[in-house]
Amino acid sequence: MSDGAKIRWGIIGPGGIAKAFRDGIRDSTSGELVAIGTRNPDKPGLRDDFPVDRVHKGYEALIADPEVDAIYIAVPHPGHAEWAIKCAEGGKHVLCEKPMGLTAFEADAMFHAAEKAGTFMGEAFMYRPHPQTLKLIELIKAGVIGEVRMIKSSFGFAMPEFMPEHRLYANDLAGGGILDVGCYPASMARLIAGVAAGKAFLEPVKVSGMAHLGQSGVDEWASALLQFPNDIIAEISCSVSVQQDNVLRILGTRGRIEVADFWFAGGKDGGTGRIEIFKSDGGHEVVDVTESRHLYAFEVDAAGAAIRAGQKEMESPGMSWADTLGNLRLLDKWRADAGLVYDIETPARRTKTLRGDVLKVGPLPMKKRQIAGVSQPTSLAALGFEFFPAFASGAILLDRFFERGGNLFDTAFIYGGGKTEAIFGDWHTSRGLKRDDLVVIGKGAHSPLCYPDVIAKQLDVTLDRLKTDYVDVYFMHRDNLDVPVGEFVDAMDAEVKRGRIRGPFGGSNWTKERMDEAIAYAKANGKTAPGALSNNFSLAEMIKPIWEGCIAASDDGYKAWLNDRQIPNFAWSSQGRGFFTDAAGRGKLDNEELVHTWYSERNFVRRDRAIELAAKRGCQPIHIALAYVLAQSFPVVPLIGPRTLWELEDSLSALEIELSREEVVWLEA
C-alpha cells in the first residue's frame, strides 16, 4: 500500500464486538472497512450492520481476498489462534480481539507465524492506546501520588441468569471471567507497575489466583494477588455473575488515583473520561480527558501506524508481543491456581493441531539415520518437552516436531512428576498416530531410588502414562556404585525379554568403566548387553556437574571410548545450556549455572571459535555447537528441549549444517 492509502480492513466473525470495531474504523484516520467473512452470509440484517461491498462466505475466502490488507479477528476465544495463524500465512496483517489466545503458548505460536510471514500481529486492548491511558501514564510518571505502592482493580458484572449456551458461560467457548474480562485489570496492573519502574510494563514475581467454578466449569468470579519486583502489590478481580465496583485504584505514598471503568475511557462513542486524584493532605483533583472519536478508533490507528511502518507489533502502551505473552502467562497461572481447564483443551477434544489440521508429516521432512538396535530410522535429534504444564500447551510443540518429520521423543519417569510421559501418551493417542512410527526414550531408577528392583515397578507406571506397552530405548537415569552392576543388567535384560524394551538400553550419567563392566557381565552371563549411553556431550566440556551425579562424555578420554565402541550417546544439554547463545562476550554470561558448569579458558576458546565459524557460515554460534555434536565420528543423538516454536525451529535449522572434519578439529583446539 502507498504511504497515504487507507489500510483496507476485513473482519472475521461479524458479531457484537465486530460492530464496535466497525465504528472504530469509521472514526479512525488510517483505515477503512472493505469486507467481512462469515459462515452465514444470508443472516438477516447482516448487510445493514456491515454495509461493505464484499461479504465472503467462510473465513478462508476473506483471507484470500487480494483487496484486504488487514483482518480483525472477532470470533470466540477458541478460534483466535487458528484464524490468526491462517491469516498470517495468507499474508494478512492481524489485530486479534483479546485474549490473544487461550494461553501464552498459543499466543507464542501465533506470533511465530507472523514472524515467519513478515506480517503485523497484535492483541486488541482498546483502552491501551487511548488518550486517557496516556494521561494516566503521564500522571504516574509526574509523581502526583508519590511512589506507587498498591493497585486495586476489578472488572465484574452480573449476567441476568445462568445461560449455558451464552459465550460467557459456555465451556466450549472458553467462557468465564478470567480470559474475557480479568485480562483487563491484569494488563493494567502490569502497565502501571512498569511505568512506576520506568518500563513499558512489568511482570509479577508472584501470582496467587483463585476462582469459583460454576456448573458449566468456567470461572464465574475470581481474584488474584500479584507482587511485582518493585514491591508493588496488586489485587485484581473479575466476574460474570457478580456485580463489582469496577474502579481502578492506584495507591501511592502521597495519595491515590481512581478511574471508574478505565477500559471504557469516556465511553464507546466518545466523551469525557475522569481521572480522580485524592491527595493525602485531603486535596482532590479531577483530570478530564475528552475525546470525540469512538473508543476503538485508537487501536485501529495504533495497529495502522505499526503496519505502515513495517513493524510486526504495536508500540507501548499498545500491546507488544512481549506484553501480550506476559499478560497471558499471568492468566495461565491464575487459571492453574483455580484449576480451570476447559474441556476443549483436553486430549479427548483437542485432536487436531492449533491450526485446525489433522496431524501429518509435512513436505521436506528432516533427515533421519539408523541407530543400532532401533527398529526404524530416527530423526537426528530427540525432542524433550518437560517444561510444559499441560497437554494443550505441550501438544503445540509435539505437533510441530512431528510435522517437521521428527519421530524421536525423550521422556523420563521423574520429568514433571510424570507429566511429560502423560502428555506424550495423550498426544499420540489423541492424534491417532501409529505407535510403530514413533521412537520413545524412557528413563527410570533416578536417585535416590536407584536400585534394580525399581526398574520394573517404574516401567509399569511409565508405560501406563505413555499409553503403550513398550519403549524403544531405555536408560537407568543414574548409577548406584553400591549395587553390583550385574544386578542392573539382570533387571534390564528381564524387561527386554518381556518385550517392554524393544531397542537398546544403557546408563544415563554412567562412567565408561562402569559401562565396560556391565557389557562384560552381560557377555559372560548370556544377558543382553547395554547398547546405548545418555551422558552430557557438547562442544563445551562440563567443568562441574549441573546436578549431583551427572557425568559428561565430552572429554578426550570418553570420546575415544565412544569412537572405539560406536555406542550411540543420547546427549543431554548438547548445546551447553545457553553457553553459546551470547556472542557479546563472557562478561554478560552471569548466570550462576553457566559460571560453575561451563566457565573455563578452554571452553571460552571453543566458544570464540564457534562465534567465528558462525559468522562465516551465516548462522549463530549455538547452531555451530549443535552441528559439532552431530559431526562426531561416533553416533551422538542430541536431546533438545525447546520451550517455544521459535526455539524448536532454531534448533532444527542447525541440523542442516554439516561440518567438515577440519572444522571439528579446529573447534576443539
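In this report, a residue counts as buried under 20% relative accessible area, as exposed over 50%, and as partly exposed in between. With that cut-off in hand, we can walk through the structure, which is a predicted model.

Let's start with arginine 167, which is partly exposed, at a relative accessible area of 39%. Its partner in a salt bridge is aspartate 180, and the closest N and O atoms of the two are 2.7 Å apart. Aspartate 180 belongs to helix α7 (residues 177-196), while arginine 167 sits in the loop between β7 (148-156) and α7, so their pairing ties together parts 13 residues apart in sequence. Aspartate 180 itself is buried, because its relative accessible area is 5%.

Two more pairs are worth a look. One joins arginine 514 and aspartate 479, whose side chains meet in a salt bridge at 2.8 Å, N to O. Here helix α14 (residues 512-525) supplies the arginine and the loop between β20 (473-476) and α13 (485-497) supplies the aspartate, so the bridge ties together parts that are 35 residues apart in sequence. Arginine 514 is buried at 7% relative accessible area, and aspartate 479 is buried too, with 18%.

The other pair is arginine 617 with glutamate 663, where the closest N and O atoms are 2.9 Å apart. Arginine 617 counts as partly exposed, with 37% relative accessibility, whereas glutamate 663 counts as buried, with 18%.

| Salt bridge | N to O distance |
|---|---|
| Aspartate 180 and arginine 167 | 2.7 Å |
| Arginine 514 and aspartate 479 | 2.8 Å |
| Arginine 617 and glutamate 663 | 2.9 Å |

How many salt bridges are there by this rule? The count comes to 52. Salt bridges also link Glu541, Asp556, Lys559, Arg602, Arg606 and Glu668 in a network.

## Helix α20 and its surroundings

Glutamate 663 brings us back to α20, whose buried residues are Glu663, Val664, Leu667 and Glu668. Viewed down the axis of α20, these buried residues fall within an arc of 135 degrees, so they line one face of the helix. As a reminder, an α-helix has 3.6 residues a turn, so residues three or four places apart point the same way. Which helices are included in what covers the buried residues of α20? Among them are α15 (556-565), α17 and α18 (621-630).

## A parallel sheet

Now for the strands. Six of them form an open sheet in the order β3-β2-β1-β4-β5-β6, with parallel pairing. At its edges are β3 (54-57) and β6 (121-124), each of which pairs on one side only. From one strand to the next, the twist averages 25 degrees.

Take β5 (residues 93-97) as an example: this strand pairs with β6 in the parallel sense over 4 bridges. Leucine 95 stands opposite glycine 122 in β6. Strand β5 also holds glutamate 97, a residue that is buried, with a relative accessible area of 6%. Between the C-alpha atoms of glutamate 97 and glycine 122, which are 25 residues apart along the chain, the separation is 8.7 Å. Beyond its neighbours within four places in sequence, glutamate 97 is in contact with Ile17, Tyr72, Ile73, His80, Ala124 and Tyr184.

In soluble globular proteins, nonpolar side chains tend to be buried together. The largest nonpolar core here has 210 residues, of which Trp9, Met121, Ile257, Trp427 and Phe570 touch the most other members. Helix α7 gives the most to this core, with 12 residues. Isoleucine 257 has contacts beyond its neighbours within four places in sequence, including Leu136, Leu139, Ile140, Leu248, Ile275 and Ile277, along with Arg249 and Glu276.

## A loop residue for contrast

Is leucine 364 buried or exposed? Leucine 364 is exposed, because its relative accessible area is 78%. This leucine is found in the loop between α9 (321-338) and β15 (368-369). Its C-alpha atom is separated by 26 Å from that of lysine 616, 252 residues away along the chain.

How values were computed:
Residues are numbered from 1 along each chain as its sequence is written. This is a predicted model: local features need pLDDT of at least 70, side-chain atom pairs count only at pLDDT 80 or more; totals for chains, interfaces and linings use all residues. Side-chain values use heavy atoms; hydrogens and water are left out. A salt bridge is a side-chain nitrogen of Lys or Arg within 4 Å of a carboxyl oxygen of Asp or Glu. Helices (H or I, at least four residues) and strands (E, at least two) are DSSP runs, numbered from the N terminus. Buried means under 20% relative accessible area, exposed over 50%, partly exposed in between (1.4 Å probe, protein chains only). Two strands pair if DSSP finds at least two bridges between them. Axes are lines fitted to C-alpha atoms, for helices over the stretch in contact, and angles run from 0 to 180 degrees between N-to-C directions. The arc is that of the directions from the helix axis to the C-beta atoms. Contact means heavy atoms within 4.5 Å. A nonpolar core is a set of buried Ala, Val, Leu, Ile, Met, Phe, Trp, Tyr and Cys residues joined through side-chain atoms within 4.5 Å.
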